[in-house]
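Subject: Structure handover

Here is the structure we talked about.

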Amino acid sequence: MRYEAPTTAKEAVRLMAGKAGMARVLAGGTDLLVQIRTDRIAPDLIVDIKRIAGMRSIMTKSGGFRIGAAVSGAELGEHKALRRAWPGVVEAANLIGSIQIQSRATMGGNLCNASPAADSVPALVAAGATAVIVGPRGRRSLPVEDVAVAPGRTSLKKGEIVEAIVLPKRAPRSGDAYLRFIPRSEMDIAVVGAGVSLTLDRNGVCTAARVALGAVAERVILVPDAAKALIGSTVDQAALERLAAAASAACRPIDDKRGTKKFRIKVAGVLARRAARTALARAQGK
Amino acid sequence: MPLDATIDPATHKFALVGTRPLRPDGIDKVTGRARFGADASAPGMLVGKILRSPHAHARIRAIDTSKAAKLPGVKAIVTRADFKEGDPGLRDVLHNVMARDKALYDGHAVAAVAATSAAVARKALKLIRVDYEILPHVTDVDEAMKPGAPVLHADMITANVEPAPKKASNIASRCEFGHGDPEIGFKQADLVIARSFKTEATHQGYIEPHACLASVGSDGQGELWVCTQGHYMVRNQCASLLGMDVSKLRVTASEIGGGFGGKTTVFIEPVALALSRKAGRPVKLVMSREEVFRASGPTSSASMDVKIGVTKDGRITAGTAEIRFQGGAFAGSPVEFGAMSAFACYDLEHVKTVGYDVVTNRPKQAAYRAPGAPMVAFAVESVLDELAKKIGMDPIELRLKNAAKEGTRSSYGPKYKRIGLIECLEAARRHPHYKAPLGPNQGRGIAAGFWFNFGGQTCVSLNVNVDGTVALAVGTPDIGGSRASMCLIAAEELGIGYEQVRAIVADTSSLGYNDISEGSRVTFSTGLAVIQAARDATAKLCARAAKTWGIAPDAVVWEKGYAKPASPNAGSFAPLSLADIAKTAGSTGGPIAGHCEVNAEGAGVSFAVHMTDAEVDRETGRVEIKRYTVVQDAGKAIHPSYVEGQYQGGAAQGIGWAINEEYVYGRDGRLQNPGFLDYRIPVASDLPMIDTVIVETPNPGHPYGVRGVGETSIVPPLAAVANAVSAAAGVRLSELPMAPPRVLAAIDAAASRRS
Ligand SMILES: Cc1cc2nc3c(=O)[nH]c(=O)nc-3n(C[C@H](O)[C@H](O)[C@H](O)COP(=O)(O)OP(=O)(O)OC[C@H]3O[C@@H](n4cnc5c(N)ncnc54)[C@H](O)[C@@H]3O)c2cc1C
């Protein structure tokens, strides 16, 4: 196994695109190292991206944020402006693991590990985030919901690396929130996750919304019908019930050791409703 | 050894017993200096790894190790052929340590290698070819009992059934306990409730995986450093399985990162020794967490039917239970303990329990804190809870009305001596928790529990050092702070300070045989042996003083750390301290030591009452434990902090068992959740501070009145939590764990029944 720690994105791409059999990016390593240690994968090449300038920083960019792919959860939590603008994204990223995990784990890794239960991803999808990807053919941008395609599989091509995640400029009277269901209080994997982002007009009517669900399909899903249930309403009880029904209807989960289909379908609606309430309160400045 | 005539535990003023000094192993454990199983190493050490069956049930047609043997760095490969067959008492132990003609569960060991590195060992395992013929399997206890179920052992004829069955089955044996005639009792009842219950297998969840370092020389002498609850058991079993003389194997117990009963048998130790013998080099073997889950000993899963009758005024007229435990691939589930303990809390005229010990394609169960009792208490205490509600009686009142007391004939036979159940129930009723208001979606549950406790073979040595300090050697691994308690007891008897005594767990060649640290026996029986060894030493100290003074030995008494003339008639001499006598021991007769070898009898049974408040999220089925109180009889608490620790630990494990912990098997019979991510023990933030009340009803069988406390604390929580969750959810939960999908389904089903 070869380990490389390049200092430029270009060099990282060159290494990743090279011939060596299985190549993997190393960000925080909280998924990758566990997979290697438990014999699930045996990469021939590991490319550590933590020494690449720009991948470790959060920059404000035309009112939005550009978050380097190697920024840890703890660093996100310490960024006041980001927390103010996107509290749901930050709370989702900060749910990952424990203090120890937080000081390593990245949203890029959470996204590229492509688990349907990844906690930060539904919040990013709801936020309308995009992934900036560098590869042998240059840079491109991709909506976050299009990065993972199936458990453990992404749409990234050979040699491509996520360089940053971009969050758009926040409109006034906006709020977002993320909730996950776990049987315990921490150190657990989402049985269902729900991210909601919404914007109100001056009269408190919802003008824009995005709803995303985790752990209820082969990847994190954006649920336009759930968003439609909110848009045009004051996010009242009736709208919330429609949202819950739409969220449940969008689920295509499996029965597994973490929960039954029936359970996930019902709880997806419950969580979407509860997350929408928090997002609403935040949009109202409460 | 009975309660001391000179000591009334209720009024006696102990100097040290009952105080809370720091444990002697504390600093080592928090600084990382303590050495656990995997911390042992030796020059030239190899790494051992075990190949395990991926199939739940398969015939092993052949094992080809030739390719692995050729891999550079591989120094030894062992299979079943490398062990000594024939010890009838260890037949199943050996089958479990290494499969022979069949793999009986996912994770069953089939071969092992020792190599120069972990990477080589892993590679070698992949090169071993095992030719399996996959057989149909069964993992559920009720399924395994059905006619037509895949049979694990062609020679298993159910024991204790008349006439003996002609055909083999998965039912190893039947047992029955009780007295009176329940049919008569049920006729006297105003209300009879019969319910069925199920619980899943859980794991003790010790943080330290099994680990050992084995070294066998070319002269056939062996040493083993191992994390275990009983190094004498390890020595005797390994010696037999390897065909060694017991005297040629010296076993040292490491510090232990939890056992809870799970480290009372051998798994990897004989394998490490066999590898070392073959390789001629030391071999270290450490289980991964996945191996711990798949191939050590979780507890049984259970299926139970309970029927209880009461009169309107709350007298239990009869109780019956049929309980079925699967204990994995070999006979020996704790179903007898379950059947014996089911109604042990109550004074019943008519009671009967029947148990079936069943085998399935799962790892062989091992002891887990009060083995067998928690599941059965869950069933019995749930029915009592329902009865109390239906007749409109306070649940503690119902239990008080029927509580066993001194003189009660227990449901498993013997008459109780002095016991403390009524004191526990009364303390629970007086506790502020019992009257505290409940919030929305919250429910309160209470439950009682019983455990036998055990004494057993014990040997200790107490050496008086030249400077007046004392070295105490015990042979029971310290699994719950027992070294602190032993130091307290020795210091109490000798009349010296706690810090002047240092206790160690001696290796198997330094001290006579000791039973395993199990059955809540250590503070009781090792404590009892320490008292006797200390009194043996003080008698010798008195004799030395007598010699110094030139008076008869029986004219000297030991008082508060000093030898004194027994009376003015004996003469007038300044008292001599232990240190004074120790200093001159070399010229008064040589070293001074006290010893005790005993098979301790008189372990007192113990009872507990738990109460808890649970909150249920009605939309998700998620359960949160808001408050928890443990009340338990300790007889006499030697070190109250560690007694409280046992109470809290049992409650914490019981809460996990009740709410989220379970072995999940796939259709292929493979364990789906062999790790702490999906095998969900409670994390710290899942639990409230667990409140404790120590009740002290002296055990008449111990000089200070001590009862074991380590196990009773896990008996009531399954039931207490189930009663609280059922109250909060408004529907009775009769299957564990009460994981969110199950609770939500029950709430939804109840709602649709109502509408
Ligand atoms: C104890 C523990 C608790 C956990 N708890 C949670 C939890 O609560 N919620 C949750 O969602 N997850 C959890 N995880 C999983 C993990 O921590 C997260 O998925 C984390 O966000 C991964 O980030 P990382 O930087 O460590 O990724 P890494 O392990 O470095 O990478 C993960 C995968 O993504 C690839 N990758 C990483 N960065 C890039 C990139 N920039 N471009 C292309 N590919 C890339 C890697 O090659 C690898 O395949 C937990 C893990 C542990 C060990």
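W549(B) counts as buried, at 13% relative accessibility (buried is under 20% relative accessible area, exposed over 50%, partly exposed in between, with a 1.4 Å probe and protein chains only).

Some ground rules. This is a predicted model: local features need pLDDT of at least 70, side-chain atom pairs count only at pLDDT 80 or more, and totals for chains, interfaces and linings use all residues. Residues are numbered from 1 along each chain as its sequence is written, chains are lettered from A and ligands numbered from 1 in the order in which they are written, and side-chain values use heavy atoms, with hydrogens and water left out.

**Aromatic pairs**

Rings of Phe, Tyr and Trp (its six-membered ring) pair if their centres lie within 6.5 Å; planes under 30 degrees apart are stacked, over 60 edge-to-face, the rest tilted. That rule gives 21 aromatic pairs over all chains. Take F293(B) and Y679(B): their ring centres are 4.9 Å apart and the planes are at 45°, so this pair is tilted. F293(B) sits in helix α9 (residues 289–295) of chain B, and Y679(B) in the loop between α19 (640–659) and β26 (690–695) of chain B, so the pair ties together parts 386 residues apart in sequence. (Helices, H or I with at least four residues, and strands, E with at least two, are DSSP runs numbered from the N terminus.) F293(B) is buried at 1% relative accessibility. Y679(B) is buried too, at 0%.

Next, W549(B) and F573(B). Their ring centres lie 5.1 Å apart with planes at 10°, so the pair is stacked. W549(B) belongs to helix α16 (residues 522–549) of chain B, F573(B) to the loop between β21 (562–565) and β22 (576–577) of chain B, so the pair links parts 24 residues apart in sequence. F573(B) is partly exposed, with a relative accessible area of 28%.

Chain B also holds an aromatic cluster. Its members are F337(B), Y412(B), Y416(B), F450(B), W451(B), F452(B) and F607(B).

**Charges over rings**

A charge sits over a ring if NZ of Lys or CZ of Arg is within 6 Å of the ring centre and within 35 degrees of the ring normal. R170(A) lies over the face of W86(A), 3.8 Å from the ring centre. The charged end of K307(B) sits over the ring of F186(B), at 4.5 Å from its centre.

**A strand and its neighbours**

Strand β17 (residues 456–464) of chain B is mostly covered, with 7 of its 9 residues buried. β17(B) pairs with strand β23 (residues 592–600) of chain B, antiparallel, over 9 bridges (pairing needs at least two DSSP bridges). In this pairing V460(B) stands opposite C596(B). β17(B) also runs antiparallel to strand β18 (residues 470–474) of chain B, with 4 bridges. There, S461(B) has A473(B) as its bridge partner. The two strands, β17(B) and β18(B), form a hairpin with 5 residues between them. In the turn, G468(B) has a positive phi of about 90°.

**Chain A overall**

Chain A has 11 helices and 14 strands. Its C-alpha trace spans about 55 × 45 × 35 Å along the principal axes. Of its 286 residues, 55% count as buried. Among contacts (heavy atoms within 4.5 Å) with a separation of 6 or more, 58% in chain A join residues 24 or more positions apart. Chain A exposes about 12400 Å², and carbon and sulfur atoms supply 54% of it (Shrake-Rupley, 1.4 Å probe; for residues, only the protein chains shown count as cover).
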